[in-house]
Amino acid sequence: MQMVNIHAAKTQLSRLVEQAAAGEEIIIAKAGKPICRLVPLATATMEPRVLGILTGKLEVPESFDDPLPDELIDLFYKGPIFPEKSARSRKA
């Protein structure tokens with residue numbers, strides 16, 4: 001582990017980044033007190049996505065793209081912004 005003063009780090013940033021990318025940990029200090037750590041990024045270990053995992057498990061009805069009923073559209077445009085009772089509280 002290498003400790004570098006912040007002033008030196010500013011002038012040698014490219015070299016320090018290359019060292020960090022190679023796996024070395026570099027501590028940057030201000031007035032001899034460590035303030036941050038320069039380390040390499042972890043490599044992505046994300047597995048490839050599997051397409052079609054829900055094939056045959058969901059059914060989209062034929063009416064999916066049909067226009068909304070007028071009463072529902074009226075609720076969007078003419079309904080109260082903050083209704084006193086929500087649909088959930090009316091059922092209770």
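**How the sheet is put together**

In this predicted model, 3 strands form an open sheet with mixed pairing, in the order β1-β2-β3.

Q: Why are β1 and β3 said to stand at the edges?
A: β1 (2–5) and β3 (33–38) each have a single partner strand, so one side of each is left without a neighbour in the sheet. From one strand to the next, the twist averages 35°.

Q: What makes β2 largely enclosed by the rest of the structure?
A: Buried means under 20% relative accessible area. In β2, 4 of the 5 residues are buried, so the strand is largely enclosed. Across the protein chain, 9% of the 92 residues count as buried.

**A salt bridge in a helix**

Q: How do you know that Asp74 and Lys78 meet in a salt bridge?
A: Check the distance: N to O, it is 3.8 Å. The cut-off is within 4 Å, so the pair qualifies. By this rule the count comes to 1 salt bridge. In general, side chains of opposite charge can pair when their charged atoms come close.

Q: What separates Asp74 and Lys78 in helix α3?
A: About one helical turn, because they are 4 residues apart in α3 (residues 70–78).

Q: Why is Lys78 called exposed but Asp74 partly exposed?
A: Exposed means over 50%, and partly exposed lies between that and the 20% limit for buried. Lys78 has 68% relative accessibility, so it counts as exposed. Asp74 has a relative accessible area of 35%, so it is partly exposed.

**The whole chain**

Q: What pattern does the protein chain follow along the sequence?
A: The pattern is β-α-α-β-β-α-α, with 4 helices and 3 strands.

Q: How do you know whether the protein chain is compact or spread out?
A: Set its radius of gyration, 30 Å, against the 12 Å that the globule rule gives for 92 residues: the value is well over the rule, so the chain is more spread out than a compact globule. Along the principal axes, its C-alpha atoms fill a box of roughly 70 × 40 × 25 Å.

Q: Where in the protein chain is confidence lowest, and where is it highest?
A: Helix α4 (residues 87–91) has the lowest, at a mean of 58, and β2 the highest, at 96. The chain averages a pLDDT of 88, and 90% of the residues score at least 70. Where pLDDT is low, the predicted coordinates should not be read in detail.

Definitions and conventions:
Residues numbered from 1 in each chain as written. Predicted model: local features only at pLDDT ≥ 70, side-chain atom pairs only at ≥ 80, totals over all residues. Heavy atoms only, no water. Pairing = 2+ DSSP bridges. Helix = DSSP H or I, 4+ residues; strand = E, 2+ residues; numbered from the N terminus. Axes fitted to C-alpha atoms, helices over the stretch in contact; angles between N-to-C directions. pLDDT = per-residue confidence, 0-100. Salt bridge = Lys/Arg side-chain N within 4 Å of Asp/Glu carboxyl O. Buried < 20%, exposed > 50% of the residue type's maximum accessible area, 1.4 Å probe, protein only. Rg over C-alpha atoms; globule rule 2.2 N^0.38 Å.
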